[in-house]
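Subject: Structure for you to look through

Dear colleague,

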Amino acid sequence: NIIYNYFLFLGDLMKHLISIRDIGKDEILNILNESEKMENLLKSKKPINILEGKILATLFYEPSTRTRLSFETAMKRLGGNVIGFTDIKNTSVAKGESLMDTIRVISGYTDIIVIRHPSEGASRLASEYSDVPVINAGDGSNQHPTQTLLDLYTIKREIGKIDGIKIAFIGDLKYGRTVHSLCYALSLFDDVEIVFISPEELKIPKEIIEDLKKKGNVKFSEKCHIDLTDVDVAYMTRIQKERFPDLNEYQKVKGIYKLTKEHICDKNLIVMHPLPRVDEVDSNVDELPQAKYFEQSFYGVPVRMAILKMLLENE
């Protein structure tokens, strides 16, 4: 009975992907392994019909380029189809339709839903009203689990391991949902060290620090200047103007950090960025072998292929 309940529990966990906190290290490693298989399939250039006849709905209440297009690419690479919207002005949301009603309707049309929404908790709410799997593609400054998984895949793919790495997060650590999710995921691995580099106004939230303290297996420190000593990963983030309730506060910190060749040219590390970037990574960094943010963006396709496949197989 214990074994049966364990696997039933795993199945329930993978019905939706709302938060990286919903899955454990073993599930993460399974997704990363499946992602590698998907990448190899992509490289083979052979037709893939794993999800032929399945339909993905992309519901984007906020702007997106990489996340939306990589999900659509992933579904189409697997042989499936895509419907959805990117502008709520052209939908019944503009007429006042509730999120719950939209989800009830769309889940009747499709096999799986990807949603991005400005409100924290919107994806969790959507999952409670959906008859099909729901994937959180970002809810406010809260969670972005598929970005976390592609970040972990990038680290594993480019460095060869996740255990034992030292990573520096630089920039907007207060509103950066990619950082919040990735911190939690890294805490599941062994001997990880994190350096938080931000201005005082954009420090990592206290609850994440407390979470890391409770976990007890991650070393961390906080700094206000760029220091990449012995770092394996420099993870840059954009100062997110759209997240600031007060634009005067944004003006104080915009452009505060800029990663240049001089910071990294003599270091054995990789530079990551969830993109889009504004001015926080100098374009002259692009030509360096350490720059991996465009590879990171590409890895979003095989990782999201793996997630779509695993969720729909679990239906």
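This is a predicted model: local features need pLDDT of at least 70, side-chain atom pairs count only at pLDDT 80 or more; totals for chains, interfaces and linings use all residues.

Residues are numbered from 1 along each chain as its sequence is written, and side-chain values use heavy atoms, with hydrogens and water left out.

Strand β6 covers residues 192–197, and because five of its six residues are buried, β6 is largely enclosed by the rest of the structure (buried means under 20% relative accessible area, exposed over 50%, and partly exposed in between, with a 1.4 Å probe and protein chains only; strands are DSSP runs of E with at least two residues, helices runs of H or I with at least four, numbered from the N terminus).

Strand β5 (residues 166–170) pairs with β6 in the parallel sense over five bridges, where pairing requires that DSSP finds at least two bridges between two strands, and I167 has I194 in β6 as its bridge partner. Strand β7 (residues 218–223) also runs parallel to β6, joined to it by six bridges, and F196 stands opposite E222 in β7.

Together with helix α8 (residues 206–215), β6 and β7 make a right-handed β-α-β unit, right-handed meaning that, with the strands pointing away from the viewer, the path from the first strand over the helix to the second runs clockwise.

Finally, V105 lies in helix α4 (residues 99–109) and counts as partly exposed because its relative accessibility is 37%.

Best wishes
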